[in-house]
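Thanks, everyone. I have one structure to go through today, so please look at the screen.

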Amino acid sequence: MRLREFQENPADAKKLMALVTLLSDRAEDEAAKKQISQDAFIDVARSVGVNVTKENLGELISQAPLKNVLEPLDPNSGIVRFKGDTEETTGMSVDRARDVVDRNAKAAMRRGMKTA
């Protein structure tokens with residue numbers, strides 16, 4: 001499928017938009033990274049009747065409506081990223097953060113009990 005064919009066939013654009021929305025929402029529900037491998041994305045797109053290839057994937061993502069929901073394609077990564085797929089900047093997992101807070105709270109309670 002050529003880019004021109006995609007732009008002339010709004011049904012394919014709607015199918016891909018629905019697919020991207022479904023995949024993004026599912027990743028969010030499962031608290032997973034908002035990304036999918038290029039090969040898996042191409043396979044799923046083909047399964048809904050849209051002829052997507054590695055050659056035209058980057059072009060499709062750079063055009064509306066997909067450019068509004070997908071990050072620009074890095075051809076060397078092998079990954080399709082959804083908007084909002086950001087790495088955690090804290091450098092600490094949620095479980096580790098809870099442990100630190102719990103320890104600090106217990107230490108504060110012990111100090112508070114000694115002075116009371």
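Leu70, leaving aside residues up to four places away in sequence, touches Val20, Ile61, Val80, Arg81, Phe82 and Lys83. Keep in mind that this is a predicted model.

Leu70 also belongs to the largest nonpolar core, which has 17 residues. Together with Leu16, Phe41, Val52, Leu57 and Val80, Leu70 is among those that touch the most other members. Which elements give two or more residues to this core? They are helix 2, residues 10–29, helix 3, residues 38–47, and helix 4, residues 54–61. Helix 2 supplies the largest share, with four residues. As background, nonpolar side chains in soluble globular proteins tend to be buried together.

Now to a polar residue, Gln38, which sits in helix 3. Is Gln38 buried or exposed? Gln38 has a relative accessible area of 7%, so it counts as buried, the cut-off being under 20%. Beyond four places in sequence, Gln38 touches Leu57, Leu73, Asp74, Pro75, Ser77, Gly78, Ile79 and Val80.

Next, the backbone. Between Ala64 and Pro65 the peptide bond is cis, with omega near 5°. Pro65 is in the loop that runs between helix 4 and strand 2, the latter being residues 79–81.

Last, confidence. The average pLDDT for the protein is 80, and 82% of the residues score at least 70. Over residues 1–6, pLDDT stays under 50. The model does have 13 contacts beyond four places in sequence for residues 1–6. Where pLDDT is low, though, the predicted coordinates should not be read in detail.

Conventions:
Residues are numbered from 1 along each chain as its sequence is written. Side-chain values use heavy atoms; hydrogens and water are left out. A nonpolar core is a set of buried Ala, Val, Leu, Ile, Met, Phe, Trp, Tyr and Cys residues joined through side-chain atoms within 4.5 Å. Buried means under 20% relative accessible area, exposed over 50%, partly exposed in between (1.4 Å probe, protein chains only). Contact means heavy atoms within 4.5 Å. pLDDT is the predictor's confidence in each residue, from 0 to 100.
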